[in-house]
Amino acid sequence: MKEKEKSTYRKIEFRRKESFYLIVRGVEVGLAAGITAVLYRYMLSFAESSLMRVIAFVKGNPMRVAVWFLILGALGFLVAHIIKREPMVAGSGIPQINGEIKGHFNPSWWRVILGKFVGGTISVFAGLSLGREGPSVQLGGMAGKGVARITRADKTTELRMISCGGGAGMAAAFNAPLAGTMFVLEEIHHSFDKSILCMGIVAAITADFTSKIFFGQSTTFNYNTVNFPLRYYWLLLIIGVALGLSGAGYNLIMVKCQDLYKKISKIPQYIKLPVVFIISGAVGLVFPQILCGGHSMAELLLKEHPQLSYMIILLLGKFIFGAFSFASAAPGGTLYPLCILGAYLGAIFGSVSIGLFDLGNEFYEEFVVLGMAGFFASIVRSPITGIVLVYELTGNMNNILPLATVSLISYAVANLIGVNPIYETLLERLVGSSKHKSDFKDTDEKVLQTFVIPVGSPLKKKRIMDVDWGKHCLVVSVERDGVSVTPKGDTVLKEGDELVILVSQRHFSKDGEKLNTLING
């Protein structure tokens, strides 16, 4: 038997005995991703607190301000150099992980971690409206890849470890293990893969435990919940529609801002980015509340209940400055800043509703978390992750029905408008960029991919032999109702079948897209 055939046979046989192996790998990934995310969180916290001390020191002194602006320009030049050397560290990091799972990219894991640490820390120290959560997903994924490479894992296992590392990074950043697991399934894979679920939930819990050792067990948002009155559920319909429209608009505006920034092509990035950093420094002297990820804005919202007019000013300032920061492609995330925008939208809607319908001030916080969940669902287009994330951020499940109602309405409205989810759009742009290329061409290693045939799939009631799977793909297993069925040419496929398909790594990205279209329609 040829070595290649032996390798393929071992992959198929190993799949039947892999549960314990997945748990062990999940612990490895969770530890690596958790420690990496914790270090990044510490660095960004230090950068943000240092920034506030610098602003207090230079404010009101023209000479100090001038020196500060010169330092910011130099830091912007350094970050531009880092992005040029390793383009995959630019931006959030979530599209990069998504693209690697689909076979489009294959960056050096340690270069990405190093570049993201340095570039992300500098960008937050400069005050750009960027968060730690998106980069933590990428850092967790690259930490998982590093463990896979060090332990010489096969490519199928490596891709799983990258996926689960991304979810573990999110779990550590938000202290939200369930949301991290759901994010992997709903946003990255768009399917239910039992192997990913097994490894992913172990990795997320391990990373969350690691994070809590350093940062404690308290939730991000603490408040006393009240039951939302059934007679006012029509308000949930209105806020859901409003958040759906706002989320679609957010995606459009963010992409347009990125296009406008790129159109300034005559000015190179090593000049544009220093200018961005200097502008951020000027914003910090005038309006420091909107700098960085938005944790100070969250505390202000929940502890001080600011006036309606001030909330509107903060919302607009954060949105405009966030779009400006995002367009620059500086290393940093949009996940937490968009949650903050959603929280402020919910607070504004709640303040108006409380005043008009005499609901009582105890409902203020409920509207805050409803806004956060609904805005997340409309932008990212992952409503279940949004619901679970807000539940874990608040530690409160009493109002899960209002959360689900608003999130699903917001999700449906954004889908109806037809604007693509933000990370899907960013991935398409990355794939289309000549700067990002895969280096899989020199390998014949095979990858096992798992697909579940959904309701209404074009494959239902078709025989395996009648489907054009492509010459580089082979159906090696069909699991039906918990029982493995040996695939034959005349095996008729049914809705709910779990297919395990062997795909050539050399053609992984193209064949993966073809299989997704073939199975999901």
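Let me start with a definition: rings of Phe, Tyr and Trp (for Trp, its six-membered ring) count as a pair if their centres lie within 6.5 Å, with planes under 30 degrees apart called stacked, over 60 edge-to-face, and the rest tilted. With that in hand, here's a cluster to look at: ring pairs link Phe228, Tyr233, Phe349, Phe363 and Phe367.

Quick housekeeping. This is a predicted model, where local features need pLDDT of at least 70 and side-chain atom pairs count only at pLDDT 80 or more, while totals for chains, interfaces and linings use all residues. Residues are numbered from 1 along each chain as its sequence is written, and side-chain values use heavy atoms, with hydrogens and water left out.

Okay, back to the rings. The structure holds 15 aromatic pairs. One of them is Tyr40 with Phe117, an edge-to-face pair at 5.5 Å centre to centre and 70° between the planes. Tyr40 is in helix 2 and Phe117 in helix 5, so this pair ties together parts that are 77 residues apart in sequence. When I say helix, I mean a DSSP run of H or I with at least four residues, and a strand is a run of E with at least two, both numbered from the N terminus. Tyr40 and Phe117 are both buried, and buried here means under 20% relative accessible area, with exposed being over 50% and partly exposed in between (1.4 Å probe, protein chains only).

Another pair is Phe174 and Tyr336, which is tilted, at 6.2 Å centre to centre and 40° between the planes. Phe174 sits in helix 7 and Tyr336 in helix 14, so here the parts tied together are 162 residues apart in sequence. Phe174 and Tyr336 are buried too.

Now, the core. What is a nonpolar core? It's a set of buried Ala, Val, Leu, Ile, Met, Phe, Trp, Tyr and Cys residues joined through side-chain atoms within 4.5 Å. The largest one has 128 residues, and Phe277, Trp469 and Ile501 have the most contacts inside it. Helix 14, residues 335-357, gives the most to this core, with twelve residues. Apart from that core lies another, of 19 residues, including Leu22, Val147, Met161 and Val184. As background, in soluble globular proteins nonpolar side chains tend to be buried together.

Let's zoom in on Val447, which is in strand 1, residues 446-452. Is Val447 buried or exposed? It counts as buried, because its relative accessibility is 1%. Leaving out residues up to four places away in sequence, Val447 touches Lys155, Thr156, Leu159, Ile501, Leu502, Val503, Gln505 and Phe508; touching, or contact, means heavy atoms within 4.5 Å.

Next, helix 4. Eight of its eight residues are buried, so helix 4 is largely enclosed by the rest of the structure. What covers those buried residues? The cover includes helix 6 (133-150), helix 7 (155-174), helix 8 (177-189), helix 14, helix 18 (422-431) and helix 19 (508-520).

On to charges. A salt bridge is a side-chain nitrogen of Lys or Arg within 4 Å of a carboxyl oxygen of Asp or Glu, and by that rule the count comes to twelve. Take Arg25 and Glu28, whose side chains meet at 2.8 Å, N to O. They are three residues apart in helix 2 (residues 19-58), so about one helical turn separates them. Arg25 counts as buried at 6% relative accessibility, whereas Glu28 is partly exposed at 27%.

Then there's Glu86 with Arg111, the closest N and O atoms being 3.1 Å apart. Glu86 lies in the loop between helix 3 (62-85) and helix 4 (94-101), and Arg111 in helix 5 (residues 109-125), so this bridge ties together parts that are 25 residues apart in sequence. Asp497 and Arg480 form another salt bridge, at 2.7 Å, N to O.

Last stop: Arg64 lies over the face of Phe57, at 4.0 Å from the ring centre. The rule there is NZ of Lys or CZ of Arg within 6 Å of the ring centre and within 35 degrees of the ring normal. Thanks, that's my tour.
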